[in-house]
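Biologist: Hello! Could you walk me through this model, one question at a time?

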Amino acid sequence: WRGQEGAPYSTLMPSDEVTINYRHGLPVITLLLPTRSERCQFTVKPVVTTVGAFLQDVQREDKGIERAEVFATDGTKVSDATLMEVLLMNDFKLVINNTAYSVSPPVKDKLSSEHATEMEDIKSLVHRLFVALHLEDHQIRKERELLQKLDHLKGELLPLEQMKARIMNSADAKTSRLLWVGLALMSTQGGALAWLTWWVYSWDIMEPVTYFITYGSAMAFYAYFVLTKQDYIYPQAKDRQFLHYFYRKSKKQRFNVERYNKLKDDLAEAEESLRRLRQPLHLRLPIQEINDKE
């Protein structure tokens with residue numbers, strides 16, 4: 001029989017020279033060491049031990065072993081990084097020096113449903129114990145990171161908050177002046193109509209004038225609705241004018257509104273994460289469930 005590299009083996013030993021048995025759920029590989037002429041057992045952990053690690057253990061046990069390799073039954077060399085759990089699923093050939101051993105792993109008995117459930121419970125218990133032992137350190141480290149992030153965000157927001165306050169004060173002052181100007185114009189219009197009605201002309205002459213003034217006002221309100229898709233309600237109109245002044249002033253002073261909003265969102269998210277971290281009962285709940293509970 002030849003390996004993948006075409007090197008002939010002088011001896012092909014029967015399968016009983018290398019035996020595999022399971023003890024306490026772990027495979028025990030028994031083989032004959034060539035130079036020591038004694039049988040040796042190797043207990044492997046199939047889910048963590050690789051083929052390379054197993055071969056190194058064999059060579060450490062017998063210093064006279066110069067070559068140790070594993071091949072599949074079709075002559076393909078098995079990588080040293082392959083887990084023993086994968087290797088033990090099928091037959092293979094173990095090559096030590098120039099001797100090839102044919103190995104047939106036994107079929108591992110499947111766990112009963114009750115035993116499998118018990119193993120899952122044990123795994124869950126181990127996981128909870130690990131979390132309980134390491135959660136406090138994780139929380140302290142995470143809290144420190146969040147506090148540093150909060151300080152950084154607040155440091156970036158401080159100059160923007162000051163600039164925003166100045167811009168808002170300016171926009172609010174302009175909006176208030178506009179409202180007072182509107183009130184003054186309406187008062188002037190009412191006084192002018194009264195003066196024209198009682199001192200200059202009569203009501204018969206001024207009635208058509210007031211009608212067209214009223215109609216013109218209705219047209220202006222309708223035009224406002226067409227342009228803004230909103231009714232002309234005084235509070236909403238005031239807020240709209242305030243935002244107009246605010247964005248115009250922000251652009252003039254190069255105040256980045258998008259960056260400010262992004263920093264505010266990041267700050268709110270970090271504060272919410274810190275709040276959840278300091279409340280263990282809410283630590284694993286989604287934000288929506290927390291809000292529903294509160």
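Modeller: The protein has seven helices and seven strands, where helices (H or I, at least four residues) and strands (E, at least two) are DSSP runs numbered from the N terminus. This is a predicted model, so local features need pLDDT of at least 70 and side-chain atom pairs count only at pLDDT 80 or more, while totals for chains, interfaces and linings use all residues. Residues are numbered from 1 along each chain as its sequence is written, and side-chain values use heavy atoms, with hydrogens and water left out.

Biologist: What percentage of the residues of the protein count as buried?
Modeller: Buried means under 20% relative accessible area, exposed over 50%, and partly exposed in between, with a 1.4 Å probe and protein chains only. The protein has 294 residues, and the share that counts as buried is 26%.

Biologist: And how much accessible surface does the protein have?
Modeller: Accessible areas come from the Shrake-Rupley method with a 1.4 Å probe, and for residues only the protein chains shown count as cover. Carbon and sulfur atoms own 57% of the surface, and the total is about 20,800 Å².

Biologist: What share of the contacts in the protein with a separation of 6 or more comes from residues 24 or more positions apart?
Modeller: Contact means heavy atoms within 4.5 Å. Among contacts with a separation of 6 or more, the part from residues 24 or more positions apart is 56%.

Biologist: Let's turn to the largest pocket. How much space lies in it?
Modeller: On a 1 Å grid over the protein atoms alone, a pocket is an open set of points with protein on both sides within 12 Å along at least five of seven lines, and lining residues have an atom within 4 Å of a point. Grid points are joined across faces, edges and corners, and a volume is the space filled by probe spheres set on the points. For the largest pocket that gives about 730 Å³.

Biologist: Which element gives the most to the lining of the largest pocket?
Modeller: The lining has 20 residues, with Gly182, Met186, Phe221, Tyr232 and Tyr234 nearest the pocket's centre. Elements giving two or more residues are α3 (113-200), α4 (203-228) and α5. The top contributor, with nine residues, is α3.

Biologist: How many residues of that lining are nonpolar?
Modeller: Ala, Val, Leu, Ile, Met, Phe, Trp, Tyr, Cys and Pro count as nonpolar, Asp, Glu, Lys and Arg as charged, and the others, Gly among them, as polar. Five lining residues are polar and two are charged, and the nonpolar number is 13.

Biologist: How far apart are the end C-alpha atoms of α5?
Modeller: The expected span of a helix is 1.5 Å times one less than its number of residues. Helix α5 covers residues 234-253, so its 20 residues should span 28 Å. The end C-alpha atoms agree with that, at a separation of 28 Å.

Biologist: Which residues of α4 are buried?
Modeller: Helix α4 has 26 residues and should span 38 Å, and its end C-alpha atoms, 37 Å apart, agree with that. Lys229 follows α4 with a positive phi near 60°. The buried residues of the helix are Met206, Thr210, Tyr224 and Thr228.

Biologist: Why does Arg254 count as exposed?
Modeller: Arg254 lies in the loop between α5 and α6 (257-277). Most residues other than glycine have a negative phi, whereas phi of Arg254 is positive, near 60°. Arg254 counts as exposed because its relative accessibility is 78%.

Biologist: What is the phi of Asn97?
Modeller: Asn97 sits in the loop between β6 (92-96) and β7 (99-103). Asn97 is partly exposed, at 21% relative accessible area. Although Asn97 is not a glycine, its phi is positive, at about 55°.

Biologist: Which residues is Lys164 in contact with, leaving aside its neighbours within four places in sequence?
Modeller: Lys164 belongs to helix α3 and is partly exposed, with a relative accessible area of 22%. Tyr260 is 96 residues from Lys164 in sequence but 9.2 Å away in space, C-alpha to C-alpha. With those neighbours set aside, the contacts of Lys164 are Phe246, Phe255 and Tyr260.

Technical notes. On a 1 Å grid over the protein atoms alone, a cavity is a set of points where a 1.4 Å probe fits but cannot get out, and a pocket is an open set with protein on both sides within 12 Å along at least five of seven lines; lining residues have an atom within 4 Å of a point.
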